[in-house]
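Biologist: I am new to this structure, and I would like to start with one part. Please take me closely through the interface between the chains, and then point out a few places beyond it that deserve a look.

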Amino acid sequence: MNRRRSPAASAKTKQRTELLRQMVRIRRFEERCVELYSAAQIRGFMHLYIGEEAVAVGLLQTLSPDDAVVSTYREHGHALARGVPMVSVMAEMFGRTTGCSRGRGGSMHLFDASRRFYGGNAIVGGGLPIALGLALADAMLSRPQVTACLFGDGAVAEGEFHECLNLAALWRLPVLFCCENNLYAMGTALARAQAETDLALRASSYGMPSWAVDGMDVEAVAAAGNRAVETMRASPGPCFLELRTYRFRAHSMYDAERYRDKTEVEHWKQFDPIDKLTARMYDDGELADEAVKKLESEVDSELDDAVSEAQAGPLEPVEDLTRFVYTERP
Amino acid sequence: MTTTHTTYREAIREALREALRDDERVFLMGEDVGRYGGCFAVSLGLLEEFGPERIRDTPLSESAFVGAGIGAALAGMRPIVEIMTVNFSLLALDQILNNAATLLHMSGGQLGVPLVIRMTTGAGRQLAAQHSHSLEGWYAHIPGLRIIAPATLPDARGMLRPALECPDPVLMFEHGSLYNAAGELDEPAEPVDIDTAAIRRSGDDVSLITYGGTLPTTLTAAEQLAANNIQADVIDLRTLRPLDETTIVDSVRRTNHAVVIDEGWRSGSLSAEITARITEHAFYDLDAPVQRVCTAEVPMPYAKHLEDAALPQADDVVAAAQRAVG
Ligand SMILES: Cc1ncc(C[n+]2csc(CCOP(=O)(O)OP(=O)(O)O)c2C)c(N)n1
């Protein structure tokens with residue numbers, strides 16, 4: 001029998017399906033990147049986000065297109081969740097002129113000015129001051145935007161972190177500080193690097209609303225993100241979210257992972273954010289096998305298209321090597 | 001046209017005032033630029049005139065507020081960030097090099113950073129090693145930055161405007177010993193370009209190539225040389241990156257002798273770069289090896305006699321020019 005669902009319930013289902021789709025897109029994108037990397041088709045430092053998808057997807061759905069996003073070198077997921085087209089991210093991995101940074105950035109430096117994605121900063125902590133400035137400009141120009149600044153737990157040990165939280169709180173700047181606490185900075189566990197491991201607590205000492213959130217639960221992240229952004233839009237000033245998450249893969253493609261046990265990783269895989277949402281949706285009767293299959297095949301074909309288009313994209317001519325060092329003026 | 005009596009400090013202040021008045025997007029940000037009036041009193045009075053939003057005192061957070069300048073520039077403002085001295089800019093070097101200088105390129109041309117960073121440089125006031133170094137040559141090493149160094153009143157008055165109009169990050173180095181330099185300045189101020197070097201004195205016997213704080217020293221030396229019948233061409237580089245190679249090379253082709261005067265250290269310095277360019281482009285025009293007058297290779301000492309001994313002096317320039325001319 002076909003149960004009739006209320007409009008509210010079906011809106012919720014739609015939203016959940018979208019969250020699921022975005023997480024699956026990121027996961028599959030990166031799994032494909034691993035294959036391409038192993039086949040030596042893409043190179044450089046590559047940092048995977050697998051396991052952490054709920055953070056990007058949950059957070060970025062709260063933002064409007066006019067808000068700004070500042071990101072790190074582990075930013076494939078951030079870029080995709082922000083709406084940077086998959087093909088332009090993939091083309092950047094291939095170093096093509098059609099890549100979102102015209103082949104000059106690679107995996108660690110994805111940018112999309114049109115989407116206010118001030119992406120890929122490979123200096124740990126280096127994005128925080130930029131976020132401050134974006135928010136300062138918005139505040140000075142009386143624009144209602146917020147700036148979301150993503151960074152890892154490693155950045156919390158840096159001077160810049162403290163400089164920026166202090167300044168954002170002092171000047172009441174609309175920066176949403178989003179700390180992706182995946183428990184490791186390369187091979188250094190949080191507790192081996194930080195005297196106080198409760199990061200939200202530390203941020204709250206600067207007098208800003210701070211929350212610790214289950215970063216493996218996309219709906220919990222979305223709820224926290226919505227609450228933080230509402231708080232910021234209602235009264236200017238920064239907020240801090242500690243997203244407690246875990247990366248299932250090594251720090252980068254070069255990492256032999258000597259610093260943690262396989263059992264630890266296996267333990268965390270029980271909290272896989274994609275599995276978690278999928279199970280919840282099955283339980284609530286919002287998902288059926290066909291729907292999952294359909295979603296996956298849609299993502300696969302998007303990915304296939306992105307790869308073939310990216311691969312076929314032209315390389316930036318070597319004569320253009322020294323372009324974009326200074327602004328080109330007519 | 002009238003002229004007013006002014007100082008280098010007041011000329012920069014006037015340039016700041018004009019910029020703030022003419023463009024709502026311009027604001028000044030740095031340590032003690034507001035209530036204190038600027039640690040070299042450059043921004044004295046601007047807080048009263050423009051208010052704390054636009055004359056923005058910052059905490060001692062060089063990295064954060066320089067980076068905030070970059071972010072604000074990305075989002076449509078025209079920030080002028082003041083760093084007290086180049087020595088402290090090292091705490092913001094990451095932001096300047098890894099972000100301001102590289103974002104445009106890394107983003108494939110999407111993210112230009114129209115930012116001006118002003119800072120003091122140089123020695124001569126017995127402030128010892130952590131307040132006296134001349135590191136602008138280091139910054140001139142970095143593609144993506146434009147480095148300017150006003151040495152005269154018209155340049156102090158006129159360089160800020162083209163710096164703000166430049167779509168890329170500009171670092172402006174003000175030598176601490178120049179702030180009190182006084183003289184007459186034309187009103188309205190003449191436009192200054194930041195693309196070409198200026199010839200401050202013409203002569204056919206030797207090219208004296210310098211910039212910033214050592215320009216007065218070099219001009220004094222040129223007078224002494226003239227008394228001995230050696231006529232010097234004095235080139236004020238004004239812009240350290242990109243270098244105006246043409247003016248340098250044309251002068252050396254004419255004089256066949258060159259001396260580079262630079263308050264930076266000799267090893268791996270801007271003076272080394274200029275010397276190399278001369279050998280690349282005018283080697284067969286040289287009648288003698290290029291001479292250099294630089295700061296002694298020591299951290300700057302405090303004691304006056306040691307500091308004087310470490311710094312390029314007019315006598316050193318005269319001696320170097322005489323060696324060159326032979
Ligand atoms: C300033 C700086 N120091 C060191 C590094 C080398 N490095 C790259 S990633 C990393 C760990 C950062 O960990 P975290 O901030 O927690 O982010 P995660 O990789 O876990 O996402 C380090 C030390 C760097 N890129 N920048």
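Modeller: Let us begin with a term that we will need: a polar contact is a pair of N or O atoms within 3.5 Å, and within protein one of the two must be able to donate a hydrogen while the other can accept it. Residues adjacent in sequence count only if both atoms are side-chain atoms. Please also keep in mind that this is a predicted model.

With that term in hand, 21 residue pairs are in polar contact between chain B and chain A, with both residues of each pair at pLDDT 80 or more.

Now for how much of each chain takes part. On one side, 44 residues of chain B are in contact, and they meet 39 residues of chain A. The size of an interface is often given as the accessible area lost when the parts come together. For chain B and chain A, the buried area is about 3,200 Å², and carbon and sulfur atoms give 65% of it. On the chain B side, B:H105, B:M106 and B:Q110 lose the most area to chain A, and together they make up 18% of what that side buries.

Which elements of chain B give two or more residues to this side? They are the strands β2 (26-30) and β3 (55-57) and the helices α3 (62-74), α5 (93-100) and α6 (103-106) of chain B. The largest share comes from α3(B), which supplies 10 residues. By residue type, the side of chain B that touches chain A divides into 20 nonpolar, 14 polar and 10 charged residues.

Staying in chain B, look at the loop between β2 and α2 (46-50), where you will find B:S43. Its relative accessibility is 0%, so B:S43 counts as buried. A polar atom of the B:S43 side chain lies 2.7 Å from the backbone oxygen of B:V33. Leaving aside residues up to four places away in sequence, B:S43 touches B:V33 together with B:L28, B:G37 and B:G38.

Chain B also has cis peptide bonds to look for. One runs from B:E187 to B:P188, with omega near -10°, and B:P188 sits in the loop between β8 (182-187) and β9 (198-201) of chain B. Another joins B:R241 and B:P242, with omega about -5°; B:P242 is in the loop between β12 (239-241) and α11 (245-255) of chain B.

Over in chain A, strand β8 (residues 239-244) has five of its six residues buried, so it is largely enclosed by the rest of the structure. Strand β4 (residues 175-181) of chain A runs parallel to β8(A) and is joined to it by six bridges, with A:L176 standing opposite A:C239. Strand β7 (residues 210-214) of chain A also pairs with β8(A) in the parallel sense, over five bridges, and there A:S210 has A:F240 as its bridge partner.

Finally, chain A has residues other than glycine with a positive phi. A:A40, with phi near 60°, lies in the loop between α1 (7-38) and α2 (53-60) of chain A and is partly exposed, at a relative accessible area of 47%. A:R116, with a phi of about 50°, lies in the loop between α4 (86-93) and β2 (117-121) of chain A. A:R116 has a relative accessible area of 13%, so it is buried.

Key. Residues are numbered from 1 along each chain as its sequence is written. Chains are lettered from A and ligands numbered from 1 in the order in which they are written. This is a predicted model: local features need pLDDT of at least 70, side-chain atom pairs count only at pLDDT 80 or more; totals for chains, interfaces and linings use all residues. Side-chain values use heavy atoms; hydrogens and water are left out. Contact means heavy atoms within 4.5 Å. Buried area is the accessible area (1.4 Å probe) that two parts lose on being put together, summed over both. Helices (H or I, at least four residues) and strands (E, at least two) are DSSP runs, numbered from the N terminus. Ala, Val, Leu, Ile, Met, Phe, Trp, Tyr, Cys and Pro count as nonpolar, Asp, Glu, Lys and Arg as charged, and the others, Gly among them, as polar. Buried means under 20% relative accessible area, exposed over 50%, partly exposed in between (1.4 Å probe, protein chains only). Two strands pair if DSSP finds at least two bridges between them.
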